[in-house]
Structures are given as structure tokens and as C-alpha cells.
Amino acid sequence: MSLHGGSGTPDSEFRGAVERGISKININSEMRRAYRTTLEQQLVARPDEFALIRLMGPVIDAVSAVVEHKMDVFGSTGKATRP
């Protein structure tokens, strides 16, 4: 089963959904929010920088933090296997 529209859902409710059989949860909006917010902060902090790649380190870290947190909440951390 898949959970759509989960943005803003408290972690405790996600845990309950996983316990009840939800196996796919979409978190796109939270990742986009972290991306945009952090990119905007970088643009303000470094207004003379035109090479976006030089601004992206903190942006990638912010998106990764959202993903890692959600993986912990969903109980999926450490469950990937290699073929």
C-alpha cells in the first residue's frame, strides 16, 4: 500500500501507518521545502556567487537530512540489500 499526501503528517502517525502495512510513503514536498529554503539561504548569504554548484553542498545536506530522518521514522534505515 502507498501513502500519498503525507506532507505535514506527524512522525507518530507515519509509524502507525507503517505498522498497519503501508510500505511506500511520498515525502516529496518536505524534500522540496528543504531544497528551496536552503538554496534561498545560500543565495542571500553569497549574493556574488553565480556558480550554483558552489552553493549546493548545504542544499544537498538539507535534503539528505530530511530523507535520513524519514527513513528512521519509517523503519527503513539499514534495510537495503545489494543484489
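Predicted model: local features only at pLDDT ≥ 70, side-chain atom pairs only at ≥ 80, totals over all residues.

Modeller: Residues are numbered from 1 along each chain as its sequence is written, and side-chain values use heavy atoms, with hydrogens and water left out.

Biologist: Which element has the lowest mean pLDDT, and which the highest?

Modeller: The term pLDDT is the predictor's confidence in each residue, from 0 to 100. For the protein the mean is 91, and 100% of the residues reach 70 or more. Helices (H or I, at least four residues) and strands (E, at least two) are DSSP runs, numbered from the N terminus. Among these elements, the lowest mean, 82, belongs to strand E1 (residues 2-3), and the highest, 96, to H2.

Biologist: How are H1 and H3 oriented to each other?

Modeller: Axes are lines fitted to C-alpha atoms, for helices over the stretch in contact, and angles run from 0 to 180 degrees between N-to-C directions. The axes of H1 (residues 11-19) and H3 (residues 56-74) lie 8 Å apart, at an angle of about 50°. Angles under 35 degrees count as roughly parallel, over 145 as roughly antiparallel, 65 to 115 as roughly perpendicular and the rest as oblique. The two helices, H1 and H3, are therefore oblique.

Biologist: Which residues of H1 and H3 make the contact?

Modeller: Contact means heavy atoms within 4.5 Å. From H1 come Asp-11, Phe-14, Arg-15 and Val-18, and from H3 come His-69, Lys-70, Val-73 and Phe-74.

Biologist: Is Lys-70 buried or exposed?

Modeller: Buried means under 20% relative accessible area, exposed over 50%, partly exposed in between (1.4 Å probe, protein chains only). Lys-70 is found in helix H3, and, leaving aside neighbours within four places in sequence, Lys-70 is in contact with Thr-9, Asp-11, Phe-14, Ile-27 and Glu-30. With a relative accessible area of 5%, Lys-70 is buried.

Biologist: What is the relative accessibility of Gly-6?

Modeller: Gly-6 is found in the loop between E1 and H1. Beyond neighbours within four places in sequence, Gly-6 is in contact with Phe-14, Asn-26 and Glu-30. Gly-6 counts as buried, and the value is 1%.

Biologist: What distance separates the C-alpha atoms of Val-63 and Leu-3?

Modeller: Val-63 has its place in helix H3 and counts as buried at 17% relative accessibility. Not counting residues up to four places away in sequence, Val-63 touches Met-31, Ala-34 and Tyr-35. Val-63 and Leu-3 are 60 residues apart in sequence, and their C-alpha separation is 20 Å.

Biologist: Which residues are in contact with Gln-42, leaving aside its neighbours within four places in sequence?

Modeller: Gln-42 lies in helix H2 (residues 28-45). Its relative accessible area is 15%, so Gln-42 is buried. With those neighbours left aside, the residues in contact with Gln-42 are Leu-55, Pro-58 and Val-59.
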